[in-house]
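Here is a briefing on the fold, taken topic by topic. Keep the sequence and the 3D view open while you read.

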Amino acid sequence: MSGLFDNIYSGKRVLITGHTGFKGSWLSIWLHELGANVIGYALEPPTIPSLFEICGLDKRITSITGDIRDIRTLRGVFKKYQPEIIFHMAAQSLVRYSYKAPVETYETNIMGTVNLLEACRHTPSVRVIVNITSDKCYENREWVWGYRENDPMGGYDPYSSSKGCAELVTNAYLTSFFNPDSYKGHSVSLASVRAGNVIGGGDWGEDRLIPDCIKALLENRQIIVRYPDAVRPWQHVLEPLFGYLLLAQHLYQDGPAFSGAWNFGPDDEDVKPVRWIVEYVTKMWGNNASWKLDTGKHPHEAHYLKLECSKAKSKLGWHPKWNLKVGLEKTIEWYKAYCNHQDMLNITINQIQSYEKGVSRMYSKRKVTQNELQIL
Ligand SMILES: NC(=O)c1ccc[n+]([C@@H]2O[C@H](COP(=O)([O-])OP(=O)(O)OC[C@H]3O[C@@H](n4cnc5c(N)ncnc54)[C@H](O)[C@@H]3O)[C@@H](O)[C@H]2O)c1
């Protein structure tokens, strides 16, 4: 469909864990459009409704219901399907829920990562592994500078620290089993990726800003906001997914030179307080939409978080394409289409195609370096 990514995904067996979730569903649709043979492994969709169910993804890809904590079933799936490229997204992905269920969070996010890497280690077909962690994996110092890939891991709450631990696990597997220095012996390239707060159509996650806004707007309620001054790196879901696909392409084509950790965050001007997002959303929605402050007591959440992305920009030629305003417009456009009972698979694919066109235009306009030429 697109000519992006050097067409490497066409005909490849790509396994996505967490394919029933928000990001996993978008990635499954994109990879399916790129001609990949997509195999998904996850629990049932975490929300009702869900992008997975609305787009009928169980009919488009091989969808397996399984628990990432169940290593035996997971290894059976790897043995049966012999995947070549892996995107690991299955996770307990919510900060607030992690305070209620720390054991589930640690088991899923840490042992789930160990199980996934073990399954990869015992499957000879595997060439590329991209482990999706989070911008929250860093030790948050509440400072204005963006975190770099080599900053220390940390995490105040169980979710954030579980993602920091998942990073440490990934690094141990990289040095112990998938070491770039002994690539000829194992032929596996392993990377971890840290993206910002992702927005986009089809998210109904609990205690997430955009889903909270949309649920309130659809019910004609006032939006209730917990931390209006919390500052986050916001980006449309297609932004980091483009980065993951580009990175996996390089890991596949160039081997271990691209192994290790990568940040994929928005440009500085899109690191904004929650208040700004809510005001923009209410303005776009119209219909006298408004918001109010939630004055209740809530568990700690980081106040300031930003990613430094020079590595992805200079080594992969990755650059944000849709700024936050465009990302929010696409998000609201998606939910309005959903309210009007449109064909949401079509709408989702149209948004992916529009993003791809924008990317191609951006790269042909800029002075294209040798490295960047590989994705055109
Ligand atoms: N959405 C964001 O803003 C954001 C930001 C940074 C990082 N991330 C990370 O990206 C990944 C995807 O996020 P998302 O927003 O799509 O999350 P999501 O909650 O929508 O989806 C999570 C997926 O993991 C699956 N899952 C959960 N527990 C499982 C288990 N025990 N076994 C198998 N599958 C299980 C769910 O079924 C679902 O498919 C996660 O690792 C998340 O931590 C998300």
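A crossover counts as right-handed if, with the strands pointing away from the viewer, the path from the first strand over the helix to the second runs clockwise. Strand 1, helix 1 (residues 22-33) and strand 2 form a β-α-β unit of that right-handed kind. The model is predicted.

**Strand 1 and its partners**

- Strand 1 covers residues 13-17, and four of its five residues are buried.
- Strand 2 (residues 37-42) pairs with strand 1 in the parallel sense, over five bridges.
- In that pairing, Leu 15 stands opposite Ile 39 of strand 2.
- Strand 4 (residues 85-88) also runs parallel to strand 1, joined to it by four bridges.
- Here Ile 16 stands opposite Phe 87 of strand 4.
- In a regular strand, side chains alternate between the two faces of the sheet.

**The nonpolar core**

- The largest nonpolar core holds 100 residues.
- Ile 86, Val 130, Val 193, Cys 213, Leu 241 and Leu 247 have the most contacts inside this core.
- Helix 9 (residues 238-254) gives the most to the core, with nine residues.
- Which residues does Ile 86 touch, leaving aside those up to four places away in sequence? They are Leu 15, Cys 120, Val 126, Val 128, Ile 129 and Val 130.
- In soluble globular proteins, nonpolar side chains tend to be buried together.

**Helix 8 and its surroundings**

- Helix 8 (residues 209-218) meets helix 10 (residues 274-285): their axes come within 11 Å and cross at roughly 35 degrees.
- The crossing is right-handed.
- From helix 8, Leu 209, Cys 213 and Leu 217 make the contact.
- From helix 10, the contact residues are Val 274, Ile 277, Val 278, Val 281 and Trp 285.
- An α-helix has 3.6 residues a turn, so residues three or four places apart point the same way.
- Helix 8 is mostly covered, with seven of its 10 residues buried.
- The buried residues are Leu 209, Ile 210, Asp 212, Cys 213, Ile 214, Ala 216 and Leu 217.
- They pack against strand 7 (197-199), strand 8 (223-225), helix 10 and helix 12 (324-339).
- Just after helix 8, Asn 220 takes a positive phi of about 55 degrees.

- Three strands form an open sheet in the order 7-9-11, with mixed pairing.
- Strand 7 runs parallel to strand 9 (residues 231-236), with three bridges between them.
- Val 198 stands opposite Gln 235 of strand 9.
- Helix 10 lies across strand 9 and strand 11, at about 80 degrees to strand 11.

**Asp 6**

- Asp 6 sits in the segment before strand 1.
- Is Asp 6 buried or partly exposed? Asp 6 counts as partly exposed, because it has 16 C-beta neighbours inside 10 Å, whereas a buried residue needs 20 or more.
- Asp 6 and His 250 lie 244 residues apart in sequence. In space, they are 9.9 Å apart, C-alpha to C-alpha.

Methods: Residues numbered from 1 in each chain as written. Predicted model: local features only at pLDDT ≥ 70, side-chain atom pairs only at ≥ 80, totals over all residues. Core = buried A, V, L, I, M, F, W, Y, C linked by C-beta atoms within 7 Å. Buried ≥ 20, exposed ≤ 12 C-beta atoms within 10 Å, placed from the backbone. Helix = DSSP H or I, 4+ residues; strand = E, 2+ residues; numbered from the N terminus. Contact = placed C-beta atoms within 7 Å. Pairing = 2+ DSSP bridges. Axes fitted to C-alpha atoms, helices over the stretch in contact; angles between N-to-C directions. Left-handed = near helix turned anticlockwise from the far one by under 90°.
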